[in-house]
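Here's a quick briefing to read alongside the model. Have the sequence and the 3D view open as you go.

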Amino acid sequence: MMEIKILIADDEVKYRDMLSDFLTNQGYEVIVAKDGNEAIDLYFSTTDINLVILDVMMPKYDGWEVCKEVRKQSDVPILMLTALGDERNEVHGLSLGADEYISKPFSYEIFIARVNVLLRRVVKEKNESIQIDGIIIDQAKQLVTINDKAVDLSPKEYKLLLYLINNIKRALSRDQILNTVWGYDFFGDARTVDTHIKSLRSKLGEYGNLIGTVRGLGYGLKVNK
């Protein structure tokens, strides 16, 4: 079974603990943040989070700000969970990029059902095969093939390739790549990205030139197939 990691950000201990218990009992791995600042730090230092659950009214950064920061770099599902249950706030949350909005108080059944709906999309996407020109990525097996031959990628190269594919036709800065693929707590510099891009291009052979250099910024994948 694919491991699912969920970040819960809520300044109220009782809600944080309750949600953590709900989700842990469902078999999910849970990490928690007590404010918006910690939520941002945890999200960008933990690169394999599959769902973010955000309270709105938190100290330091509120849920709106956390949602905006995450959305700058990621399409991870975001569920807003808040006492601000009026229509105006719900529309605002969804317009910032939240995928779901639940007002407090809520029922256990509704909460779990909506979490599972969001995660179905994650599981489906992570098990689908992706084809970019002649490159085929079997995500379930974490296997990359070209012309039916396996490409020997390191775990970081595989993760880098997936990040480029998931952000196809977007210009990605070296810092964005570094923070997402290596994590915020990585102490290397941007040359690490350049080195891995060079290696990845070489291993992709005739398709290596699909990874374009964006002058003064970073890199991007040039095709959309």
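β10 and strand β12 (residues 218–221) pair in the antiparallel sense, with two bridges between them. Strands here are DSSP E runs of at least two residues and helices are H or I runs of at least four, all numbered from the N terminus; two strands pair if DSSP finds at least two bridges between them. This is a predicted model, where local features need pLDDT of at least 70 and side-chain atom pairs count only at pLDDT 80 or more, while totals for chains, interfaces and linings use all residues. Residues are numbered from 1 along each chain as its sequence is written, and side-chain values use heavy atoms, with hydrogens and water left out.

**The β10-β12-β11 sheet**

- The whole thing is an open sheet of three strands, ordered β10-β12-β11, and the pairing is antiparallel.
- β10 (172–173) and β11 (211–214) are the edge strands, each pairing on one side only.
- Helix α8 (residues 191–203) lies across β11 and β12 and runs at about 150 degrees to β11. For contacts, read heavy atoms within 4.5 Å; for angles, read 0 to 180 degrees between N-to-C directions, with axes fitted to C-alpha atoms (for helices, over the stretch in contact).

**The β6-β7-β8-β9 sheet**

- Four strands make up another open sheet, in the order β6-β7-β8-β9, again with antiparallel pairing.
- β6 (129–132) and β9 sit at the edges with a single partner strand each, so one side of each has no neighbour in the sheet.
- Strand β7 (residues 135–138) pairs with β8 in the antiparallel sense over four bridges, and D138 stands opposite L143 in β8.
- N147 is in the loop between β8 (143–146) and β9 (149–150). N147 isn't a glycine, yet its phi is positive, at about 50 degrees.
- Helix α6 (residues 155–166) lies across β6, β7 and β8, at about 110 degrees to β7.

**Helix pairs**

- α6 also packs on helix α7 (residues 174–182), at an angle of about 125 degrees and with the axes 10 Å apart. That makes the two oblique; the classes are roughly parallel under 35 degrees, roughly antiparallel over 145, roughly perpendicular from 65 to 115, and oblique for the rest.
- On the α6 side K156, K159, L160 and Y163 meet Q176, I177, T180, V181 and W182 of α7. By class, the α6/α7 contact has five nonpolar, two polar and two charged residues. Here Ala, Val, Leu, Ile, Met, Phe, Trp, Tyr, Cys and Pro count as nonpolar, Asp, Glu, Lys and Arg as charged, and the others, Gly among them, as polar.
- Helix α2 (residues 36–45) and helix α3 (residues 63–71) have axes that come within 9 Å and cross at roughly 20 degrees, so they're roughly parallel.
- G36, A39, I40, Y43 and F44 of α2 meet V66, E69 and V70 of α3.

**Around K104**

- K104 forms a salt bridge with E12, with the closest N and O atoms 3.8 Å apart. The rule is a Lys or Arg side-chain nitrogen within 4 Å of an Asp or Glu carboxyl oxygen, and it gives 15 salt bridges.
- K104 is in the loop between β5 (100–103) and α5 (108–127) and E12 is in the loop between β1 (5–9) and α1 (13–25), so this pair ties together parts 92 residues apart in sequence.
- The peptide bond from K104 to P105 is cis, with omega near -5 degrees.
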